[in-house]
Amino acid sequence: MRQAILKAEGLRKSFIGRDREVVALKDVSLSVHSGEVLAFLGPNGAGKTTTIKILTGLVCQDSGTVLVDGRDPARDAGALEVIGTVLEGSRNLYWRLTALENLEYFAALKGIRSREARLRSFALLERFGLSAKERAPVQTLSRGMQQKVAIAVALVHRPKLLLLDEPTLGLDVEAAEEVKGLIRDIASEGCGVLL
């Protein structure tokens with residue numbers, strides 16, 4: 001049986017809105033195993049992004065538990081080292097840096113030595129069909145290419161778990177299909193994926 005790389009049970013989160021409490025999550029439980037793709041679906045405002053923010057330690061839940069690779073990220077920040085994340089919108093990249101510079105920069109943040117970072121960056125750019133754009137500033141790339149760079153950045157440290165918040169948002173049909181294919185390939189190599 002495959003190992004559960006992510007297990008969340010009974011997550012609850014509320015926020016104080018105008019004169020009232022707004023419940024964003026109520027008893028959310030899920031698990032993702034190595035090599036599995038789990039699509040977390042719901043309408044706008046259902047709490048999908050809040051859940052991902054809790055799983056990545058950006059927001060604390062009111063109650064419930066999260067285990068990443070068997071560790072509680074609220075008590076052991078090292079648990080987050082096995083996660084690669086692409087949040088919704090355009091928050092994942094530095095727009096003025098090139099695709100290659102983004103990969104090398106984020107690899108350095110993960111403690112990967114310069115030579116290894118460069119090798120991994122070139123390999124990911126090639127894998128994602130972006131070698132010809134490695135020196136192009138991210139802001140000049142199409143939305144689909146930007147999303148591929150963001151996913152490559154999330155994979156540069158070889159995470160066990162990949163969290164993707166709306167990975168095909170704003171992409172045309174062809175680019176969306178390419179991203180879906182990449183996600184299937186990533187999972188087939190043993191990475192757990194939550195989208």
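Here are some friendly notes on the pockets, cores and a few single residues of this predicted model.

1. Ground rules. Residue numbers start from 1 along each chain as its sequence is written, side-chain values use heavy atoms, and hydrogens and water are left out. Because the model is predicted, local features need pLDDT of at least 70 and side-chain atom pairs count only at pLDDT 80 or more, while totals for chains, interfaces and linings use all residues.

2. The largest pocket. A pocket here is an open set of points on a 1 Å grid over the protein atoms alone, where a 1.4 Å probe fits and protein lies on both sides within 12 Å along at least five of seven lines; lining residues have an atom within 4 Å of a point. Its volume is the space filled by probe spheres set on the points, which are joined across faces, edges and corners. Of its 18 lining residues, I83, G84, T85, F106 and K110 are the closest to the centre.

3. What lines the largest pocket. Strand β5 (83-86) gives the largest share of the lining, three residues, and α2 (99-109) and α4 (143-155) also supply at least two each. Helices (H or I, at least four residues) and strands (E, at least two) are DSSP runs, numbered from the N terminus. The lining has 11 nonpolar, five polar and two charged residues. In this scheme Ala, Val, Leu, Ile, Met, Phe, Trp, Tyr, Cys and Pro are nonpolar, Asp, Glu, Lys and Arg are charged, and the others, Gly among them, are polar.

4. The second largest pocket. This one has a volume of about 270 Å³. Among its 13 lining residues, L124, R127, L155, R158 and E189 lie nearest the centre. Helix α3 (residues 114-127) provides the largest share, four residues. By class, the lining holds seven nonpolar, one polar and five charged residues.

5. Helix α1. How many of the eight residues of α1 are buried? Six are, so the helix (residues 48-55) is mostly covered, where buried means under 20% relative accessible area, exposed over 50%, and partly exposed in between (1.4 Å probe, protein chains only). The buried residues are K48, T50, T51, I52, I54 and L55. They pack against several strands, including β1 (4-16), β2 (21-33) and β4 (63-68). Just after the helix, G57 takes a positive phi of about 80°.

6. V28, in strand β2, is buried at 14% relative accessibility. Setting aside residues up to four places away in sequence, V28 touches A8, E9, G10, L11, F40 and T51, a contact being heavy atoms within 4.5 Å. In helix α4, K148 is buried too, at 11%. Beyond its neighbours within four places in sequence, K148 contacts F128, L130, E178 and L182.

7. Cysteines. The structure holds zero disulfides, a disulfide being a pair of cysteine sulfur atoms within 2.5 Å. C60 is exposed at 58% relative accessible area, whereas C191 is buried at 6%.

8. The cores. The largest nonpolar core has 36 residues, with F128, V149, I151, L162 and I186 making the most contacts inside it. Elements giving it two or more residues are α2, α3, α4, β6 and α5 (173-188). Another core, of 20 residues, lies apart from it and includes I5, V32, V68 and L194. Such a core is a set of buried Ala, Val, Leu, Ile, Met, Phe, Trp, Tyr and Cys residues joined through side-chain atoms within 4.5 Å.
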